[in-house]
Amino acid sequence: MTICEDSGWKYLITLQQDDIPYLNQEFAALWPLASENSLRFHTGPQNEIQQDYRWVNDITYVDSKDQTHTVGVLECQESTPLADGTSQTTRFKWITNFTLRSQGNQKYQAIDLANHGGRIRWKIENAGFNVQKNGGFNLEHAYTRDPVASKIFYFLLQIAHLLAQLIEKGSLFRQAFPAGVGSAKNLAFRLLEAWRNRPLSATQIQDMLQIRRQIRFAPP
């Protein structure tokens, strides 16, 4: 936090329940005195996911190096309905030097900070590294112990993952597979089988090269 503050940076840091007990205790004690700092938001394809936000600003915290910080704590409790009629609740909490509010300046709104800031790390881990580990890219396989070779391998893996995402999100793929193909591993398997069983002739490849094409990015 000191490095961020000295550099003039804003931060949003995950706060686990067992981390920095003082901040968790202060949040629990102070929020009932500022219960107006809360809001409920519904999201999901049919607004079926309920998010309950609450926050406290201006908590004074002295770290282990006797550096004093003024921070806010933001919590999101998300409830997702399950097929059996019950719901699954997940709790997220962050420390921040943003001033938290429910309305006003857009970049300080609690919902935007939580969904477009705090939870991006979860998206990177699950939509990025997790797919690269378990989606057919074999990120965890020890191909080499040479540090340079390992960097080259991961660079190539990132390119492969990027191309796979472009294919999966592309309009031609969606036309061919309206319901999708399941996991990223299934997509890789289908591509491999297509190359094995439906090779293009030299004439077909040449004809394709003569056609001008565009790749356009659009919201999903």
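**Confidence, strand pairing and nonpolar cores**

In this predicted model, confidence is lowest in helix α4 (residues 120-134), with a mean pLDDT of 77, and highest in helix α2 (residues 21-30), at 94. Here pLDDT is the predictor's confidence in each residue, from 0 to 100. The protein averages 86, and 95% of the residues score at least 70. Helices (H or I, at least four residues) and strands (E, at least two) are DSSP runs, numbered from the N terminus. Residues are numbered from 1 along each chain as its sequence is written, and side-chain values use heavy atoms, without hydrogens and water. Local features need pLDDT of at least 70, side-chain atom pairs count only at pLDDT 80 or more, and totals for chains, interfaces and linings use all residues.

Strands pair if DSSP finds at least two bridges between them. β3 and β4 run antiparallel and are joined by eleven bridges. W55 stands opposite L74 in β4. Five residues separate the two strands of this hairpin, and D66 in the turn has a positive phi of about 60°. β4 also pairs with β5, antiparallel, over ten bridges. S79 has T89 in β5 as its bridge partner.

A nonpolar core is a set of buried (under 20% relative accessible area, 1.4 Å probe, protein chains only) Ala, Val, Leu, Ile, Met, Phe, Trp, Tyr and Cys residues joined through side-chain atoms within 4.5 Å. The largest has 13 residues; Y53, W55, L74 and W94 have the most contacts inside it. β3 (49-62), β4 (68-81), β5 (87-96) and α3 (110-118) each give two or more residues to this core. α3 gives the most, with four. A second, separate core of twelve residues includes C4, L23, V56 and V73.

Conventions. Buried means under 20% relative accessible area, exposed over 50%, partly exposed in between (1.4 Å probe, protein chains only).
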